[in-house]
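Please look at the chain below before reading on. The report then goes through the model part by part.

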Amino acid sequence: MNKSQLIDALAARYEGNRKAAQHALESVLDTITREVAKGEKVAITGFGSFEKRVREARWVRNPRTGDRIKAKKTAIPKFTAGAELKAVVSGAKKLPKLTLPAVKKAAPAKAPAKKAAPAKTAAKKTVAKKAPAKKAAPAKTAAKKTVAKKAPAKKTTAKKTVAKKAPAKKAAKK
């Protein structure tokens with residue numbers, strides 16, 4: 001799940017208000033980022049904690065040449081999962097069923113219906129229903145489920161970007 005898909009999932013909890021969901025997510029991420037950058041520990045009970053760790057200077061090996069290089073002292077973010085998150089991920093604990101508030105929609109204008117249209121809408125309704133999550137679902141089906149959960153007003157397909165490897169530079173031997 002990427003950031004825009006997370007915003008869409010949160011919008012369902014905000015009665016379809018995507019702007020409020022986006023603002024809420026960005027506020028939480030910004031606050032966590034700022035506090036961790038200051039060196040503070042941000043602990044969310046049951047979920048986990050974020051903190052700043054200092055990685056001391058050390059010797060590392062360049063995999064291409066095999067040479068040893070001195071790596072500088074750096075500060076990195078560290079996330080530690082909480083006990084409840086670990087229990088849910090391992091399957092030891094089940095999450096309660098999610099109940100979403102009903103989204104209010106404007107009444108659609110009445111138009112003459114075609115005979116083929118009801119069959120298509122019935123098929124779409126069965127696809128859009130929430131199916132119970134499987135533990136070992138392939139990545140492709142998980143992406144399709146997320147797309148099916150979107151509000152019917154906006155139907156867009158998820159775009160995949162594939163990272164391309166840059167050609168390796170060869171050093172000229174003298």
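## Basis and confidence

This is a predicted model, in which local features need pLDDT of at least 70, side-chain atom pairs count only at pLDDT 80 or more, and totals for chains, interfaces and linings use all residues. Residues are numbered from 1 along each chain as its sequence is written, and side-chain values use heavy atoms, with hydrogens and water left out.

The pLDDT (the predictor's confidence in each residue, from 0 to 100) averages 74 over the chain, and 57% of the residues score at least 70. Residues 106–132 have a pLDDT below 50, and this stretch has six contacts in the model beyond near neighbours in sequence; a contact means heavy atoms within 4.5 Å. Over residues 134–151 the pLDDT also stays under 50, with 12 contacts beyond four places in sequence. Where pLDDT is low, the predicted coordinates should not be read in detail.

## Overall layout

The chain has five helices and five strands. Helices (H or I, at least four residues) and strands (E, at least two) are DSSP runs, numbered from the N terminus. In order from the N terminus, the elements run α-α-β-β-β-β-β-α-α-α.

Of the 174 residues in the chain, 8% are buried. Buried means under 20% relative accessible area, exposed means over 50%, and partly exposed lies in between, with a 1.4 Å probe and protein chains only. Among contacts with a separation of 6 or more, 35% join residues 24 or more positions apart.

## Helices H1 and H2

Which residues of H1 meet H2? They are Lys3, Ser4, Leu6, Ile7, Asp8, Leu10 and Ala11, and their partners in H2 are Arg18, Ala21, Gln22, Leu25, Glu26 and Leu29. H1 covers residues 3–13 and H2 covers residues 18–38; their axes come within 8 Å and cross at roughly 120 degrees. Axes are lines fitted to C-alpha atoms, for helices over the stretch in contact, and angles run from 0 to 180 degrees between N-to-C directions. The two helices are therefore oblique to each other. Angles under 35 degrees count as roughly parallel, over 145 as roughly antiparallel, 65 to 115 as roughly perpendicular, and the rest as oblique.

The loop between H1 and H2 holds Glu15. Glu15 has a positive phi, near 55 degrees, although this residue is not glycine. Its relative accessibility is 55%, so Glu15 counts as exposed.

## Glu51 in strand S2

Strand S2 spans residues 48–55 and includes Glu51. Is Glu51 buried or exposed? Glu51 counts as buried because its relative accessibility is 18%.

Beyond four places in sequence, Glu51 is in contact with Val36, Glu40, Lys41, Ile76, Pro77, Lys78 and Thr80.

## Helix H3

Helix H3 has eight residues, 83–90, and the number buried is zero, so H3 lies largely in the open. Gly91 follows H3 and has a positive phi, near 95 degrees.
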